[in-house]
Amino acid sequence: MVDLNPFSLWRRLLALPNESQTKTIAVAFIVATVCSVLVSSAAVLLAPMQEANRAAERQARLDAMIASMPAMAEILEASGVDTLETVVVDLRSGEVTDIDPGTFDARAAATDPAMSSEIPRELDVAGLGRRADFAPINILREGDVVRLVILPISASGYQSTIYANIALEDDFNTVAALSIVEQGETPGLGSRIEEPAWQALWPGKQIADESGSIRLSVVRGRASNAFEVDGITGATRTGSAVSAAVHFWLGEYGFGPVLARLREGTFAP
Amino acid sequence: MKTLRHLYGPIIDNNPITLQILGICSALAVTTSMTTALVMCMALTGVLVMASAVISTIRRHIPGSIRLIIQITIIASLVIVIDQVIQAYAFDISQRLSIFVGLIVTNCLVLGRAEAFAMHNPVGPSMLDGLGNGLGYSLILLIVAFVRELFGAGTLFGRMVLPTIYEGGWYTPLNLMLLAPSAFIVLGLLVWAVRSLRPAQIEQADYEIDADKERQGP
């Protein structure tokens, strides 16, 4: 008769010499199980709060960006809407899709093979590897005319991926504002791209010259024309990454087709 | 009274950073500001106390052959839980600490105390030892962070103390203080100061360097 009483089994297990194989495997198994339950329950229980934190952060940055553009706050008030319209665009055709922006997760889409494409190596100036075929953008309309568009851009920086929003005025070539959404660059050096003083250098800058090639860049030292933004001392690579984000995302493989439609006036929601 | 030695011993006399030179990696990484250093200290002290308690509780049943794996599993689980809690309740700070909370797992201090103390001592003294070492680590981290944040950014806990020239003040921040090497410099000065005050901590040199007999001239 085998004794199946769990208590006596437990006692017998504990009484085994520590070096026995049975006990080694049993202890490893019990510790692993208890730890995995602990970790997974913490992750599951706290996930809603973390997601809410992230969403609040993104919204706060978008609001701060709009607040930093006085003219836009007025248009918003005049047009009677209190927030921007969000649409998901197809980067390949530049068309608006019917994907619900509320449920679309751009970060997840960027790694999903069905919803993303590999960036050709020679075009991948931002070092991203893949990009989602769809992207959520914010637009502000006055009547039927698009007055402002906010595009999410990103690039791999010195030690983190930098995410930013860039707002363009209605000529789709003048920067209305730039706001860094997320970065993990060197504190005190690269992370100074988050400072309002640096982001305030962007409004009014021009993206492309008359021939249409993108020239806007963060330069070393002082900017000398409308296509240059002052660099931050000690953060050359972070600055280059922000330039790369602008070059890639406003280029042909980024929002190029969307901007072309916006300029032609064939961008319809 | 004897058990209390476990608590205050590691704070200065047997400090894990200045005497044992453990846990240096995180001491370099998170000391650019007082806020991140403080959260890191609380996270590390919490992990250290809990890991000591758990490991000490089951110490009689940990097979010798897999003891390090068991200790690391327990420490890693506690670290993940703490990291998740920080992400949920202190989101701003978790973004600034980025991966360094996760790296507490690899902090030699935690495994070192588990292996050297908690494996051989009852729960009470083990927790006190964990707390003492955590506080010793925190003391050094906060001193280093104080120096680095004050001279590197002119702020303390993010509040302006020395008005910098960026904000229209007079103080030119010392950018070196924000880079990792400055933590080595500050730590080195601290070790020097502690050992000058307590000569007992000076280690014997492994061997004397002989004068070079071949060498010519002055």
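# A tour from the interface to the cavity

Let's begin where two chains meet: 26 residues of chain A are in contact with 27 residues of chain B. Keep in mind as you look around that this is a predicted model.

**Stop 1: the interface.** How many salt bridges does the rule find across the interface of chain A and chain B? The count there is zero. Polar contacts do turn up, with six residue pairs counted between chain A and chain B, both residues at pLDDT 80 or more.

Now select residues 21–67 of chain A, which form helix α2. This helix gives the largest share of the side of chain A that touches chain B, namely 17 residues.

**Stop 2: a pair within helix α2.** Stay on the helix and show the side chains of A:Arg54 and A:Glu51. They meet in a salt bridge, at 3.4 Å from N to O. Both residues lie in helix α2 of chain A, three residues apart, which is about one turn of the helix. Over all chains, the rule counts 13 salt bridges.

**Stop 3: the second largest pocket.** To find it, select A:Arg58, A:Ala106, A:Arg107, A:Pro136 and A:Pro152, the closest to its centre of the 40 residues that line it. Several elements of chain A give two or more residues to this lining, among them α4 (106–111), β4 (134–142) and β7 (175–182). Which element gives the largest share of the lining of the second largest pocket? Helix α2 of chain A does, with seven residues. By class, the lining of this pocket divides into 21 nonpolar, ten polar and nine charged residues.

**Stop 4: the cavity.** Finish inside the protein. The structure holds one cavity of 30 Å³ or more, and the largest cavity has about 40 Å³ of space. Select its lining: A:Ile153, A:Ser154, A:Ala155, A:Ile162, A:Tyr163, A:Ala164, A:Ala241, A:Val242 and A:Ala245. The elements that give two or more residues to this lining are strands β5 (145–156) and β6 (161–168) and helix α6 (236–249), in chain A. Is the lining of the largest cavity mostly nonpolar or charged? Eight of its residues are nonpolar, one is polar and none is charged.

Notes
Residues are numbered from 1 along each chain as its sequence is written. Chains are lettered from A and ligands numbered from 1 in the order in which they are written. This is a predicted model: local features need pLDDT of at least 70, side-chain atom pairs count only at pLDDT 80 or more; totals for chains, interfaces and linings use all residues. Side-chain values use heavy atoms; hydrogens and water are left out. On a 1 Å grid over the protein atoms alone, a cavity is a set of points where a 1.4 Å probe fits but cannot get out, and a pocket is an open set with protein on both sides within 12 Å along at least five of seven lines; lining residues have an atom within 4 Å of a point. Grid points are joined across faces, edges and corners, and a volume is the space filled by probe spheres set on the points. Helices (H or I, at least four residues) and strands (E, at least two) are DSSP runs, numbered from the N terminus. Ala, Val, Leu, Ile, Met, Phe, Trp, Tyr, Cys and Pro count as nonpolar, Asp, Glu, Lys and Arg as charged, and the others, Gly among them, as polar. Contact means heavy atoms within 4.5 Å. A salt bridge is a side-chain nitrogen of Lys or Arg within 4 Å of a carboxyl oxygen of Asp or Glu. A polar contact is a pair of N or O atoms within 3.5 Å; within protein, one must be able to donate a hydrogen and the other to accept it, and residues adjacent in sequence count only if both atoms are side-chain atoms.
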